[in-house]
Amino acid sequence: MTVRQPRPILITGGGRRIGLALAHHFLEQQQPVIVSYRTHYPAIDALRNAGAICLAADFSTDDQIMAFAEAVKLHAADGLRAIIHNASGWMAEKPGVPLTTVLASMMQIHVHAPYLLNHALETLLRGHGHAASDIIHI
């Protein structure tokens, strides 16, 4: 009898703070993890050494979001256990920068990217026995 490896959990923004803590938590539970990161930190190397798949990603454009989704598909052909949307970007309000620019930047990372990823990865999230995969948006 073949023992199936658990489907990985995808964590966007896994290089720092809560995303990093979640990645380490799941790895300690023998749960495969795929993380995205925008900026390389030493913590990314530690995650790789612990067994995580770490993929550089910039969610500021649709093309980059879709390229990331394709990379995830290569590493999770048997499906995803969950997506935890944790990637974040903050554009400070500054004199001379229209508020619409600030809002568009934050909406791109916090709303647009998760929505596109959910749809692009839908086939990895459905059809895995009695329960579908989880989508958590932090």
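The structure is a predicted model, in which local features require pLDDT of at least 70 and side-chain atom pairs count only at pLDDT 80 or more, whereas totals for chains, interfaces and linings use all residues. Residues are numbered from 1 along each chain as its sequence is written, and side-chain values use heavy atoms, with hydrogens and water left out.

The protein chain contains five helices and five strands, assigned as DSSP runs (helices: H or I, at least four residues; strands: E, at least two) and numbered from the N terminus. Their order from the N terminus is β-α-β-α-β-α-β-α-α-β. The radius of gyration is 16 Å, close to the 14 Å of the globule rule for 138 residues, so the protein chain is as compact as a globular protein of that length. Here the radius is taken over C-alpha atoms, and the rule is 2.2 Å times the number of residues to the power 0.38. The C-alpha trace spans about 65 × 30 × 20 Å along its principal axes.

Buried residues (under 20% relative accessible area; exposed, over 50%; partly exposed, in between; 1.4 Å probe, protein chains only) make up 40% of the 138 residues of the protein chain. Contacts are defined by heavy atoms within 4.5 Å; among those between residues at least 6 apart in sequence, 62% join residues at least 24 apart. The protein chain exposes about 8,200 Å², of which carbon and sulfur atoms supply 58%; accessible areas come from the Shrake-Rupley method with a 1.4 Å probe, and for residues only the protein chains shown count as cover.

Helix α2 spans residues 42–49, and its buried residues are A43, I44 and L47. Viewed down the axis of α2, these residues fall within an arc of 105° and so line one face of the helix; the arc is that of the directions from the helix axis to the C-beta atoms. An α-helix has 3.6 residues a turn, so residues three or four places apart point the same way. The buried residues of α2 are covered by elements including α1 (17–28), β2 (33–37) and β3 (53–56). Exposed residues P42 and N49 are carried on the face turned away from the buried side of α2. Just after α2, G51 adopts a positive phi of about 110°.

Most residues other than glycine have a negative phi. R17, in helix α1, has a positive phi near 45° and counts as exposed at 61% relative accessibility. Q30, in the loop between α1 and β2, is not a glycine but has a positive phi of about 65°; Q30 counts as exposed at 64% relative accessibility.
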